[in-house]
Amino acid sequence: MKSITIALKDLTRSFRSTFALVFMFGIPLIVTGMFYLMFGNIKSEDTVNIAATKVVIANLDQGTTETGQLGKTIENALSGKNLSGIMEVSTVASQEQALQMVNSGSAGAAIIIPADFSKSFTDPEKTVDVSFVSDPTLTIGPQIVKSVLRQILDVYSGIKITIAEAMKQSGGMDQQQITALVQQYMAGMQFGTESSSLVDLKTPTAAPQKNMLATMVGSIMAGMMIFFAYFTGANTANSILREDEEGTLQRLFTTPTSQAEVLRGKFMAVGLTVLVQVIVLMVAARLLFGIEWGALSNLVLCVIGLVLTASSFGILACSLLKTTKQSGVIFGGLLTVTGMLGMINIFTGNPQGSPLGIVPLFTPQGWVARAVLSTMSGDSLMKILPFFLGMVVLSIVFFILGVWRFQKRFA
Amino acid sequence: MNNKKLRVSFSVLIRVGFLSIITIILFHLGSFTIVEKYIVRKYRLDLTNSALLAKREAGTLVANQKFSQKWENKKMTLAMNVQNLRKTFRNGSSVKAVDGVSFEVKTGEIFSLLGPNGAGKTTTISMLSGLLRPDNGGSEKSEILIMGQSLLSDPLAAKAMIGVVPQDIALYEDLTALENLTFWGKMYGLKGDQLKKRVGEVLDLIGLSDRAKDRVGKYSGGMKRRVNIGVALLHEPKVIYMDEPTVGIDPQSRRSILDGVLALRNQGMTVLYTTHYMEEAEELSDRIAIMDHGKIIANGTHDELIQLVGQKTKIVLTINTAAGQIVEDWKRCEGVSNLLVDESSLVLLVDDSNIVLPRLFELAAKKDVRITSVDIQEPNLETVFLHLTGRALRDA
């Protein structure tokens, strides 16, 4: 009972500290909020509010009698209404003019379609390059244009493969057959309507595509929450040293309260404070940024794992210190390094399967990050469970070491 | 959106991430200077005897009166029985902080541990509070009995009998006085209506009822000191420890504290008081134990301790030249038992000042040393300490 009184007292003190409040709630929400504002309102829309990029096309394609001017179809596709929010397309006669416009800043990107673009379709061996040039000072806009262009060219590659395959199977095609094939393909292909395509191009089945920005902001929020939860754990555990220096811990030991009860109360306070922080951040992120945290059962496991590891790691870190003056350096170093390593996938966009993907698992933050991201991406309970068990094992080890050091210290 | 765009976003994230981390570190480093602010040295205490008496008249201390009467009947019983306390600190070399300390404290008395800094008073009181465990070993076993309860074998029961007022203020500055007292009351095992009642009574007692909901951090030093004492009184302890409560405070506040201690004794409380100020021990104490180098070198009432000096008189002389010229001659002079060179004077313990003083003048004249002032003092605790250790209490 007395340990609960001690824990509640510490909780009250934590939430009366402006410094603690800023670090517990302010910074994680502000950083996530910055990204949220940078990329628009992901909660209500599925589109991105980015200014349209000025694109200049130099279509040098001379066409062929069999295929017609295929370069013109690229021009038309990019000038379509559905892309008008992303790019403003204009055309010029030469490559030099197009490059000049990018150099002068009057266009953000230039696309140069070579003269033998159409011709390459009748010759299976021939390859041509469509050039894309962009203003290096612009980042997001030209990247989107490039992405759209790549998708269109992928379709043309499909046509080229179809023609090559048909020629191979028929043992050669005359001009009429090629013309008919291309026209038949082009007629049915309206970028997305492939009902009459001669080649049925299928993409592998995958889970429904989620809002990428929501996923990104969600992972940022998760990373920030984990990162700062560990600081809260360490900072709250640091109250043991602070009370030791203020003399209140000694005073507690002079009351008819056992040492075990006092330490239990202090440890309970660490867990409670982290728990409140995590719950508040999750609810706030859901309400403010529309972040989907995943299935509740999985999420509960993640929260328990986070609270346990952050608290026990904080207790262990504090047990290594002699005074609170050391804690700035130790926490700054230890928690920043382990935090960065633990969330290397979030910070660098590195996939978990890459060689670097295993690095986070050398830190407790990494285990939590894996579990939380896995939950957010909709993985099953069975997939989360190993990470949860890993977190529990780590917490037990940290807690035993920390408690052993503290009991030795106050014995 | 493709991977390229995400990478661009992540590169921005990395920058922001690092920026926020640097901010964390800077804030974190900055936060620890706050601890320094808790060390407050200037205190005031308005827990005056008259204030306490007024409260008694108002009937708010009826419970204490009953308690006082109850213990009056057992005046001669022991509140504390301390046997053979030893403590050695090993930090590279071994330092015997407390070496075989034994004493008894009767109920309802003020018992003072008097000694210079480093004499072992705080280590002793730390053992008596249960903060340090006495060393085992030696021929005699250590024992601390408080109202008959052994602190060593049943610490929680014994701790329930004591209230400790630490030397420095030990309160939560970000909590209000009411919250502090409520919290500490719970730690002493009070709950429900009893807790509420005692917190109210103590707030009245320390005169802070009207500011009970202000945070302690906003209080003046004197107000904090009052709360600090109030915490120790919450559970109406049988014995109260006060560890050098007047160190580093102004004379007015010291006066208030001394009056407060006397008032507590008048209520029937047993007080264990540590100090290195001779005057405080003389004024407050029913009995005094003088400590030096971890041992009790004398123990008794004020008069009993003075008798240790016998008929000796303390003489303080100042001379017009360096002391070195005359010190050895005066030390050898018949009737001089101790001589101590102070900063600007010489302190002598002599058998009979009427006989010894002319001899001292004679020896000075021979060395062409002029005595510029003479102060003959009645024996006091300072004299006793000088007699027993050959050193002055304040310089030891």
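**Helix packing, a hairpin and a buried helix**

Chain A contains 15 helices and four strands, where helices (H or I, at least four residues) and strands (E, at least two) are DSSP runs numbered from the N terminus. The model is a predicted one, in which local features need pLDDT of at least 70 and side-chain atom pairs count only at pLDDT 80 or more, while totals for chains, interfaces and linings use all residues. Residues are numbered from 1 along each chain as its sequence is written, and chains are lettered from A and ligands numbered from 1 in the order in which they are written.

Contacts (C-beta atoms, placed from the backbone, within 7 Å) in chain A with a separation of 6 or more come to 74% from residues 24 or more positions apart.

Turning to one helix pair, helix 14 (residues 364-376) and helix 15 (residues 381-410) of chain A pack at about 155 degrees with axes 9 Å apart; axes are lines fitted to C-alpha atoms, for helices over the stretch in contact, and angles run from 0 to 180 degrees between N-to-C directions. This angle makes helix 14 of chain A roughly antiparallel to helix 15 of chain A (under 35 degrees is roughly parallel, over 145 roughly antiparallel, 65 to 115 roughly perpendicular, the rest oblique). Residues making the contact include A:W367 and A:R370 of helix 14 of chain A, and A:F387 and A:M391 of helix 15 of chain A.

In chain B, strand 9 (residues 287-292) and strand 10 (residues 295-300) run antiparallel and are joined by five bridges; strands pair if DSSP finds at least two bridges between them. Here B:M291 stands opposite B:I296. The two strands form a hairpin with two residues between them, and B:H293 in the turn has a positive phi of about 50 degrees.

Helix 4 (residues 121-129) of chain B is largely enclosed by the rest of the structure, because nine of its nine residues are buried. Just after this helix, B:G130 takes a positive phi of about 85 degrees. One of the buried residues of helix 4 of chain B is B:L128, which is also touched by B:V82. B:V82 itself lies in strand 1 (residues 78-91) of chain B and counts as buried, with 24 C-beta neighbours inside 10 Å. Its C-alpha atom is separated by 7.8 Å from that of B:S142, 60 residues apart along the chain.

Methods
Two residues are in contact if their C-beta atoms, placed from the backbone, lie within 7 Å. A residue is buried if 20 or more other C-beta atoms lie within 10 Å of its own, exposed if 12 or fewer, and partly exposed in between; C-beta atoms are placed from the backbone. Lists of a residue's contacts leave out its neighbours within four places in sequence.
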